Amino acid sequence: MGLKLLLLNAINFQSQRCPSFALPPMATLGSPKEVEAVKKPFSPPRLVHHQVTHSMPPHKIEIFKSMEDWAENNLLTHLKPVEKSWQPQDFLPDPASDGFHDQVKELRETAKELPDDYFVVLVGDMITEEALPTYQTMLNTTDGVRDETGASPTPWAIWTRAWTAEENRHGDLLNKYLYLSGRVDMRQIEKTIQYLIGSGMDPKLENSPYLGFIYTSFQERATFVSHGNTARLARKHGDLKLAQICGTIASDEKRHETAYTKIVEKLFEIDPDGTMLAFADMMRKKISMPAHLMYDGRDDNLFEHYSAVGQRLGVYTALDYADILEHLVRRWKVENIRSGLSAQGQKAQDYVCGLPPRTRRVGERALGMVKQAPRVPFSWIIERSF
Ligand SMILES: [Fe+2]
Ligand SMILES: [Fe+2]
């Protein structure tokens, strides 16, 4: 059984390598595959198929219009004003100060104490954050809440732009830290980011804000868990500055999780049946990780390999997936929802409520397998095995 099958966060990985970035010389062209590569020289290296669009019935858009006042008073309140927000520079050596070189030297000395596999995980987390254009695009695919103009004044659009602006600091901070650390191959990392943004992602949201907000609730918690664990490990290795960096990012993720879970809580109140069906649908499809199409130009299974290192280190594991699911079922009091459910909705409720223990059993097996999986080299660090 392949590792891919066992990694819950890598499920439904439908991809197809396109050789368009390694074109053979014209004289050697012959097979239809190679000809196609010439025709589509800018196709992403990883493509997804079987995409469903606009599955939410059009009349439900009204629900989101009617929630605008609520969003103004209950969602936007979870944003932090820019003047009160931290900035990456607060945690980094100041290039305008005389002490810059000494500060960088200290940062690099401390970074030496961290193991290579820790850096693999930190790089993967940073790359995930750096693909932010993809996530803003994803939010703006959703019917009824998208930013229609790029500067729309609806609370949904204001939220999406401000959320993106907050998130933008995460990739910036980790990127600059990693650059200064001297422990990583920045060019390989930058290539991976370029490939990833070019590939996009396929969370199977079908333009539905129901699916979208369930997905983001899950994902914000997943990033909270993951950055929280990189903070804990940095502290364990004596790097208090890095612990502070990862911990600060984790607290943003927690605030975002609170906001997105509140939206879904409200949707359960307004439309219990539609929200229950969406929750079950999303969990059946599995929550794919945002960077599931990751590629560095070398490793065809880069995401699975990065994910395996994260599991071995305990940064984000298949058991965390089960924990998050269990947490959300409890948070939304899914078991207690009695009224407003169709027969199909009741079935969806039974399915979702029975899922955490099943997911945990599968997760335990997956974690056991991952721990025994062979170690592979990562182009982000240096060519050696972890
Ligand atoms: Fe983030
Ligand atoms: Fe986030």
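Buried means under 20% relative accessible area. The views below are taken from a predicted model.

**View 1. Glutamates at the iron ion (ligand 2).** Three protein donors hold positions around this iron ion: Glu 167 (OE), Glu 220 (OE) and Glu 253 (OE). They lie 1.8 to 2.0 Å from the ion. Along the sequence, the donor residues follow the spacing E-x52-E-x32-E. Glu 167 belongs to helix α8 (residues 155-181) and Glu 220 to helix α10 (residues 209-236), so the pair ties together parts 53 residues apart in sequence.

View 2. Glu 220 has 4% relative accessibility, so it counts as buried. Glu 167, at 5%, counts as buried too.

**View 3. Two iron ions share Glu 167.** The iron ion (ligand 2) and the iron ion (ligand 1) are 3.5 Å apart. Glu 167 coordinates both.

**View 4. Helix α6 is largely enclosed.** This helix covers residues 116-130. Of its 15 residues, 15 are buried, so the rest of the structure largely encloses α6. At 1.5 Å a residue, α6 should span 21 Å. Its end C-alpha atoms are 21 Å apart, which agrees.

**View 5. Helix α6 packs against helix α11.** Helix α11 spans residues 240-270. The two helices pack at an angle of about 40°, and their axes are 14 Å apart. That angle makes α6 oblique to α11. Their crossing is left-handed. On the α6 side, Tyr 118, Leu 122 and Glu 129 make the contact. On the α11 side, Leu 242, Cys 246, Ile 249 and Glu 253 take part.

Technical notes. Residues numbered from 1 in each chain as written. Chains lettered and ligands numbered in written order. Predicted model: local features only at pLDDT ≥ 70, side-chain atom pairs only at ≥ 80, totals over all residues. Heavy atoms only, no water. Donors = N, O, S within 2.8 Å, 3.2 Å for Na, K, Ca; no water. Helix = DSSP H or I, 4+ residues; strand = E, 2+ residues; numbered from the N terminus. Buried < 20%, exposed > 50% of the residue type's maximum accessible area, 1.4 Å probe, protein only. Expected span 1.5 Å × (residues − 1). Axes fitted to C-alpha atoms, helices over the stretch in contact; angles between N-to-C directions. Parallel < 35°, antiparallel > 145°, perpendicular 65-115°, else oblique. Left-handed = near helix turned anticlockwise from the far one by under 90°. Contact = heavy atoms within 4.5 Å.
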